[in-house]
Amino acid sequence: MIFVDGIPFSTGSSQGIEDLIALLEHPFLVSASNKLKAIPVMKVSVMEGFRGERSPPAKHVYVFQREYATVDPALVELVGTDEATTCVGIVIRNQKTGWTSIAHVDSPEVVDLGLTQMLSLLIDQNSNAELDVHIVGTFEDAVTNQISGSSGSESESELYNHSIPLCSKIIEALQNKGNKFHIQTFCVLEHNTMRDSDGNAYPVFNGFMVETSSGSVRPASFDGSSRCPDEIVRRIRVTVSYSDPSWKGKLLEMYDSLSDQYQIAPCSWSLRWKEYALSLQQLSDSDILLNCSTSPSSEGPDFVDNHRRLFDYLIQHPNWRETFPMRKPRIFKRTASGDWIKAE
């Protein structure tokens, strides 16, 4: 059940799209979006510290696309994600305990089970917990009038309308669950859209960070050093998980909340992935964008480079057993300085 500004929210419709439209217009959430957009984007780099200093950065956990993590505020100070264009970042935080779950959701198909995964450590079966929710991401990748039901061609809907169905599904799923979800931030679609001089739409920002002790949210971008550990393997796991039935409808786990360790569960790929990677590696940068992105004109400057590094890894490691010997997870422990080291 959804609450906004402490009041139960519902349009009375069973369709998520009706609630979505109403939430986009809600004064409390419009104000929250405007306040969020007024905050400068924090550029996160472990090499330079979170605030530009050379001292050890705050303990943080980063999630990639289709990943989620639930953290104990006693162990983790900040959680975040970025690289979202037509994806949505969701944060659910227990008001009483401060335990916080963050997910980078890329498809309506993972919303129902994904929310269940996120809630599993935030509440117990008998809890009536009050849960703060922040939803950030997507932009107007569809023709503007499509959300209001105006007609548009079928090809336009298929090619450019990724954001609306995802946001609608998230709202529908939250409304249908019995938990108390207090939506504090709803910066999606029109509220996260800017346009260039030619009228092309782009996200205002692609990522954010949450302070676990207070629950405060601010825009953020991350560099390679702050997305560690095991960046390339985790990116590959996202890619190959789409064809793995064991992950169907689920978000990918990669962090153990109790031990404060990254545990990258094993995944497998066939030799065909090497062939696929070789073919994509031959493409131009623009063709990689067209083939690998749902929003080619809105991706960050490192999108193509990240994909080329992923292709290189698959070409150089066609046998997944080299990456996951004896099908064991890859475990990384946090050091006293805040870095990550691979457990032997």
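This is a predicted model: local features need pLDDT of at least 70, side-chain atom pairs count only at pLDDT 80 or more; totals for chains, interfaces and linings use all residues.
Residues are numbered from 1 along each chain as its sequence is written, and side-chain values use heavy atoms, with hydrogens and water left out.

Helices (H or I, at least four residues) and strands (E, at least two) are DSSP runs, numbered from the N terminus. Axes are lines fitted to C-alpha atoms, for helices over the stretch in contact, and angles run from 0 to 180 degrees between N-to-C directions. Angles under 35 degrees count as roughly parallel, over 145 as roughly antiparallel, 65 to 115 as roughly perpendicular and the rest as oblique. Contact means heavy atoms within 4.5 Å. Ala, Val, Leu, Ile, Met, Phe, Trp, Tyr, Cys and Pro count as nonpolar, Asp, Glu, Lys and Arg as charged, and the others, Gly among them, as polar.

Helix 1 (residues 16-25) and helix 5 (residues 163-176) have axes that come within 8 Å and cross at roughly 100°, which makes helix 1 roughly perpendicular to helix 5. On the side of helix 1, the contact involves Gly16, Ile17, Asp19, Leu20 and Leu23, and these meet Ile164, Cys167, Ser168, Ile171, Glu172 and Gln175 in helix 5. Six nonpolar, three polar and two charged residues make up this contact.

Helix 9 (residues 303-316) takes part in a contact with helix 7 (residues 272-281), where the axes come within 8 Å and cross at roughly 140°. Helix 7 and helix 9 are therefore oblique to each other. Trp273, Lys274, Ala277, Leu278, Leu280 and Gln281 of helix 7 are in contact with Arg308, Phe311, Asp312, Leu314 and Ile315 of helix 9. Seven of these residues are nonpolar, one is polar and three are charged.

Between helix 6 and helix 9, the axes come within 10 Å and cross at roughly 85°, so helix 6 is roughly perpendicular to helix 9. Helix 6 contributes Glu231, Ile232, Val233, Arg235, Ile236 and Thr239, and helix 9 contributes Asn306, Arg309, Leu310, Tyr313 and Leu314. The contact holds six nonpolar, two polar and three charged residues.

Most residues other than glycine have a negative phi, and most peptide bonds are trans. Cys228 and Pro229 are joined by a cis peptide bond with omega of about 5°. Pro229 lies in the loop between strand 14 (217-222) and helix 6 (231-241). Glu83, although not a glycine, has a positive phi of about 65°. This residue, Glu83, is placed in the loop between strand 6 (78-81) and strand 7.

The lining of the largest cavity consists of Thr81, Ala84, Val88, Gly89, Val136, Gly137, Asn206, Gly207 and Phe208. A cavity is a set of points, on a 1 Å grid over the protein atoms alone, where a 1.4 Å probe fits but cannot get out, and lining residues have an atom within 4 Å of a point. Strand 7 (88-94) and strand 9 (130-137) are the elements that give two or more residues to this lining. Four lining residues are nonpolar, five are polar and none is charged.

Definitions and conventions: On a 1 Å grid over the protein atoms alone, a cavity is a set of points where a 1.4 Å probe fits but cannot get out, and a pocket is an open set with protein on both sides within 12 Å along at least five of seven lines; lining residues have an atom within 4 Å of a point.
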